Amino acid sequence: MIAVKLFFGLQLVFLNHVVFSDYILESTSLPEVRFRPPIGNGHIATNVLSDTVYMNGMYNGREDLSSRARIPSYVAIDVNISSDDVLQRAYVLNMRNGIFYQTIRTELLNITVTYFAHRNQTRIMATRVEIQRRNTTNKKEINLHLQTNKGSESADFDGTITRLDQVPGLRQPVWHYSGVTRDPETRDLLATPLHVYYSDIPAFLSLPSNQDSLTVTFAASYSTDKDDALNHFTEAFKGDEHLKASHIKAWNDLWDEGRVDINGDESLALDIAAAQYNILCSLPSHDDPITPFYGLGPGGLSRGGLYFPNRPGGPKNDYAGHVFWDMDTWIMPPIMIFHPDMAPRMIGARTRVMEQVRQNARSNGYKGVQFPWEQAATGIEATPKWAGNNSHYEIHITADIAYSLRQYLYASNNIDIVLEGKVLELAIEIARFWQSRVKDFGDRVEILGVMGPDEYHQNVNNSVFTNYNAKLSLTLPQWIVGHFNLKVNDSLTKEFVRFNDTADRMLLLFDENRQFHPQYENYNLSIPIKQSDVVLLGYPLMMSMTPDVRHNDLLLYEQITDRQGPDTGTWSMHTVGWLEVGNETRAYNSFKMMFRNINEPFKVFSENPVNGSRNGGCVNFITGAGGLFQAIVFGYGGLRLQEDRLEINPFTIPGTTGWALRGIHYRSIVFDLEVDSNDMVINLRKLPKGMKLSVELSNERGSEFNRLDSRRFKRQHARLQLQDYFEQTKTVEHTTQKARAESFSGSQWSSLFILSLIIFDKLSCYFANCTPNV
């Protein structure tokens, strides 16, 4: 379908006319496909002008051969003009608006081609071609040749294409692709349907002699449901301008909800914006009633198909679109600070496969749930065989998921997800796995035959990262029940006691003489490591240790870490760690290491630095983007989520004149944190009626906010806590009604309100009648 608009005085999107210049990346040439930026919305995504679109949850291939299913890109449209006729060509990524532009200037015309995946109408991928005469005195008909890069039909589907000459509400013919995946992930899994409705694209666009300008919109709609795809397709053409305008507004709203502002260093500002943009392209803004969210792969939603059919996953195949610990450990924590509603969808990608991961544990002789190292469609182990024994040994993934649950609950205090979202059930099942996985020696428990994040060493005993993460997992169910004042039956109560006893006896290796944590049993410090492992104890796991021990762990492992290894949180966590111990010089040196992995001109992240024969590994490596984001939020911002408070300890970023975290979401409040060389400003943007925010400062008298306000303090460590200040004479019932009417919605509940809102007999009944697995 084509939507055509005649207009005069078109405002072209040339470089000097684009608004939000601090979000603009531009180039006069287009790089190879691997290094082109994504446009996406969490349901569909593509690398601009590539021949492929990928869709959330759409996988093809049996078991370890599973990868994202390639869908042809039906609206990757280019204008075919001889280079001799082009006076100026530019490619522009406007991250603020979520739009990629191509602008072409000839002697006769100004042409703008606009590409976007609609942020809210998530089925829609759109391309607009806008043409304007440069000389209106000497008019003649002009024909432009259109070229569509859809490639060959996909080998991942069996399907048919039908031309529909009449569709209600549309004036032009439409094409309908209907197919199913060829090889479901398991034998008993039904093939996944795919429906695509897309515009009939002519070979030429004609600008008649009596017209000065022309706008044509082409679109494609992707869904597993036929009616859903068609309805979104027809809806897209009910107002051509509205389609683009509503998309831009949705992206602007995302940036306004939360972002990082950098002053005085434009390059760093763009790097940080690109990190957030690349992640958001793969995350949905809303729950999908038809297709649940399946999770984030290291290369984002626009990657993950088989460039090399005989090698699933791997560096050039961007890990086949599988979900690793990257989502839970590196991407979700910083994203949920600014976009808290996105975290439950990532958690839902794990609870969605609960039955399968129970089966995984049973098949391996354990209890509870065992998550695969690489999760695709169903939750079975989808790690390709070429990856060796990673899937067998790298079991810390199950503890990593528990860590993400804990951090989200610290940040949100969301009881709804605990009960309705199966978070407590998941936490219990994870603890059961570790209870059955440890080896009990009476005075201690050990975990044998594993591999930590450092993948250079497998089948080791007592990986200190794995053991401590498992220890935290074992204590999580009791913490949830105690924090939310939930009632559980006697059987669960006794089980929690066993979990905590096991956690207390967990062996955590420590060298008393050298005051550092050995990575695993019999580890020798002369052995190089692939990436951060022990360093992760201090952050993100927040193990209690002295500053000297933290310093020693950082220093010793920094010296033996592969400098060309993958940046899976390595240098970001060294940045965070060195800032913790007050060494800003070493922190900045680690911080700069991450920028080797950002590829110009569109700031596409790679797993490894690209140089010489090194191809960079996985691209676009949003895990590295998440790590960079963490270095800002939890490193230079110094944010720490604790069970009863939020701590901040901000630092200046070298080369900047000031910077800010805009839209920090903590439970029911939203605030900005502004930082300069001497001071920090807390600007409260949202404070529910009936609440106050207490700020306890390390070097001066604290402060309280009981209304929206902005306060300036000397830059220092601070603790932020929310308190209820309703008069004590009010009844609990009245307080609850007032809070519901005036303050709260969904998951934005304060902890003290939750204590008054929980009805103990109903919760007791809930847990007494829960599934036999709990």
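Reader: Which residues is Ser-302 in contact with, skipping its neighbours within four places in sequence?
Author: In this predicted model, Ser-302 is in contact with Pro-38, Ala-45, Thr-46, Asn-47 and Tyr-54.

Reader: OK, and where does Ser-302 lie?
Author: Ser-302 lies in a loop, the one between helix 3 (266–280) and helix 4 (325–338).

Reader: Buried or exposed?
Author: Ser-302 is buried: its relative accessible area is 6%, and the cut-off for buried is under 20%.

Reader: What polar contacts does the side chain of Ser-302 make?
Author: One joins it to the side chain of Asn-47, at 2.8 Å. The Ser-302 side chain also has a polar contact with the side chain of Arg-303, at 3.3 Å.

Reader: Switching to strands. How does strand 3 pair with strand 4?
Author: Strand 3 and strand 4 (residues 44–47) are antiparallel, with 3 bridges between them. Across that pairing, Ile-39 stands opposite Thr-46 of strand 4.

Reader: What's the strand order in that open sheet?
Author: The order is 3-4-5-8, so 4 strands, and the pairing is antiparallel.

Reader: And which strands stand at the edges?
Author: Strand 3 (38–40) and strand 8 (71–72). Each has a single partner strand, so one side of each has no neighbour in the sheet.

Reader: New topic: where is Ala-90?
Author: Ala-90 sits in strand 10 (residues 88–94). Ala-90 is buried, with a relative accessible area of 5%.

Reader: How far is the C-alpha of Ala-90 from that of Thr-28?
Author: The two C-alpha atoms are separated by 4.5 Å, while Ala-90 and Thr-28 are 62 residues apart along the chain.

Definitions and conventions
Residues are numbered from 1 along each chain as its sequence is written. This is a predicted model: local features need pLDDT of at least 70, side-chain atom pairs count only at pLDDT 80 or more; totals for chains, interfaces and linings use all residues. Side-chain values use heavy atoms; hydrogens and water are left out. Helices (H or I, at least four residues) and strands (E, at least two) are DSSP runs, numbered from the N terminus. Buried means under 20% relative accessible area, exposed over 50%, partly exposed in between (1.4 Å probe, protein chains only). A polar contact is a pair of N or O atoms within 3.5 Å; within protein, one must be able to donate a hydrogen and the other to accept it, and residues adjacent in sequence count only if both atoms are side-chain atoms. Contact means heavy atoms within 4.5 Å. Two strands pair if DSSP finds at least two bridges between them.
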